[in-house]
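Please look at the sequence and the model before reading on.

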Amino acid sequence: MDWAIVIETVIKTVIVLSVVAGMAAFATWIERKVLAYMQRRLGPMNVGPHGVLQLAADGIKLFTKEDIVPQHAVKPIFKIAPVIAPVCAFTAMAAVPFFPEFTVFGYTVTPIISDINVGILFVMGVASAGMYAPLLAGMSSTNKWALLGAARTVIQLLSFEVVSGLALLAPIMMIGSLSLIDINDYQIGGIGSWLVWSQPMAFLLFVIAGFAETNRTPFDLIEYEAEIVSGYATDYSGMRWGLFFVGEYANMITVSFLVSIMFLGGYNPLWIIPGAVMILIKISAFIFLFLWVRAAWPHVRPDQMMWLCWKILMPLALLNILITGIVLI
Amino acid sequence: MSLEQFSKRDVAPGYIFYNAEERPQSGWEFFKRGFSRAIKGELLVGLKIVLVEMFKRGNTHTVSYPQEKLAIGPRYRAIHKLLRLQESGSDRCIGCGLCEKICISNCIRIETKLDKNSRKEVSQYTINFGRCIFCGYCAEVCPELAIVHSSDYENASEQRAHYGLREDMLTPLDEFKANKQQEFPGFGALSDDADSFVKKTPLAY
């Protein structure tokens, strides 16, 4: 084995881990500020200029808090469950190309940890395996709210997974490859070649499924405060609780990358804007969309969510595949 | 009198019914309702409203509390104040004891004696703020307007002993420290061994 590749992969992994974890922490501050301004509030203001150091204060608080394990919880599972969330979220990023290729000191760097030929399936599969975190956390807590949250995790997984998979099938039929780099290169010809124009229905369905996958507001039923206190995280405190949220925000970033690469031209340069800036703009827009929707929309009941996914979105996805197939033939 | 008047007791005369949308009966009507709701774009209206609010400047409703404070009504009933006579600067209180009598939570204690001119003099006046419910009866009954409510509502403290009295308006702090405070026994009052539970803080001692 060539050691240069090993070292390069380790360096890339460390950079992705640290940068995405930092982005996830920063996203909590952005979320609080954006939600505050949309709701005519100020948000955090006192720690640092406009509260920007609030995330440092929150981090210190989370790391130094007492680690409480409930007496009757199934302790090994209770302790391991929060680790699953960020591990799956970060593992999913292994197959995501973040930026276009660039050259450092004459060495060409491909900013993807591993270009596997089933990239999109790997990302979707590992991100969905992250749902084991709320499921195991809720079931090991021996707490009725947590148990309800775990049950809702399962119905959420069963609902959105079929929609996101079927929604992605139609664009994949057009591209003919599962590698995210191939998908990105398919849309190299400017805005007109973006898949969102030829597959608007798949785009819409995948975004809706992405909201469900990251437990964001219209589908935040596994941790909805008004109904089940804090859902699966009711018994968690300190950094174990924080790990769930690192995982959630990392998942948001992954879903944003997926949508941008699949439907919005990915990291292809546009006019004079370089590709790296383009994808950062798209990611930021999607993170903002997540927050915007959270400020504006109410959430749905579990039965409404299943109704929506199975009775509306899945038939639409199937119809989309059918029409795409007819057009392709 | 018919039975109907008894069976519809939840509807008072003059009750206005809200004419809600009729529930669709057939599957086709359900579909039509769902379709019209889907194309109405109500969700997009919600998105637009919050976005407009986000970019409006200066419409925040937050009061950044320690720096800004809301104006309080002049009749707000917060911590009591004992007033002095404008002319002489001596205490307005004549020691009639009406506030002690009317206090429904039994938290005012007033001690009087005769001074050398045989006039009544207030020697001790304490309010147990841990027990006071701020009903305002004392200020209402006072014939001399000696005891009033101020608007000083920031009376959080680290120790319950601080609620024994408000030294800057009622009893001097040195007297309090000498354990000369007189209290009625009962719920909320300081116990005899309260001093042994007081922990020292650099601010207060």
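## Nonpolar cores

A nonpolar core is a set of buried Ala, Val, Leu, Ile, Met, Phe, Trp, Tyr and Cys residues joined through C-beta atoms within 7 Å. In this predicted model, the largest such core has 90 residues. The residues with the most contacts inside this core are Val123(A), Val163(A), Ala167(A), Leu205(A), Phe206(A) and Met262(A). Helix α11(A) gives the most to the core, contributing 14 residues.

Leaving aside residues up to four places away in sequence, Met262(A) touches Leu168(A), Pro171(A), Ile183(A), Leu195(A) and Phe206(A). A second, separate core has 13 residues, among them Ile108(B), Ile127(B), Phe129(B) and Cys132(B). In soluble globular proteins, nonpolar side chains tend to be buried together.

## Helix α12 of chain A

Helix α12 of chain A covers residues 275–296, which is 22 residues. From its first C-alpha to its last, α12(A) reaches 31 Å, close to the 32 Å expected at 1.5 Å a residue.

The buried residues of α12(A) are Met278(A), Ile279(A), Lys282(A), Phe286(A), Ile287(A), Phe290(A), Leu291(A), Trp292(A), Ala295(A) and Ala296(A). Their cover includes α1 (3–38) and α11 (238–263) of chain A, and also α3 (42–55) of chain B.

## Contact between the chains

Between the two chains, 12 residues of chain B are in contact with 10 residues of chain A. On the side of chain B that touches chain A, 5 residues are nonpolar, 6 are polar and 1 is charged. For the complex, the predictor gives an ipTM of 0.74 and a pTM of 0.73.

## Chain B

Chain B has 7 helices and 4 strands. Starting at the N terminus, the elements of chain B follow the order α-α-α-β-α-β-β-α-β-α-α. Of the 205 residues in chain B, 12% are buried. Among contacts in chain B with a separation of 6 or more, 66% join residues 24 or more positions apart.

## Confidence in chain B

The average pLDDT of chain B is 74, and 72% of the residues score at least 70.

Notes: Residues numbered from 1 in each chain as written. Chains lettered and ligands numbered in written order. Predicted model: local features only at pLDDT ≥ 70, side-chain atom pairs only at ≥ 80, totals over all residues. Helix = DSSP H or I, 4+ residues; strand = E, 2+ residues; numbered from the N terminus. Expected span 1.5 Å × (residues − 1). Buried ≥ 20, exposed ≤ 12 C-beta atoms within 10 Å, placed from the backbone. Contact = placed C-beta atoms within 7 Å. Nonpolar A, V, L, I, M, F, W, Y, C, P; charged D, E, K, R; others polar. pLDDT = per-residue confidence, 0-100.
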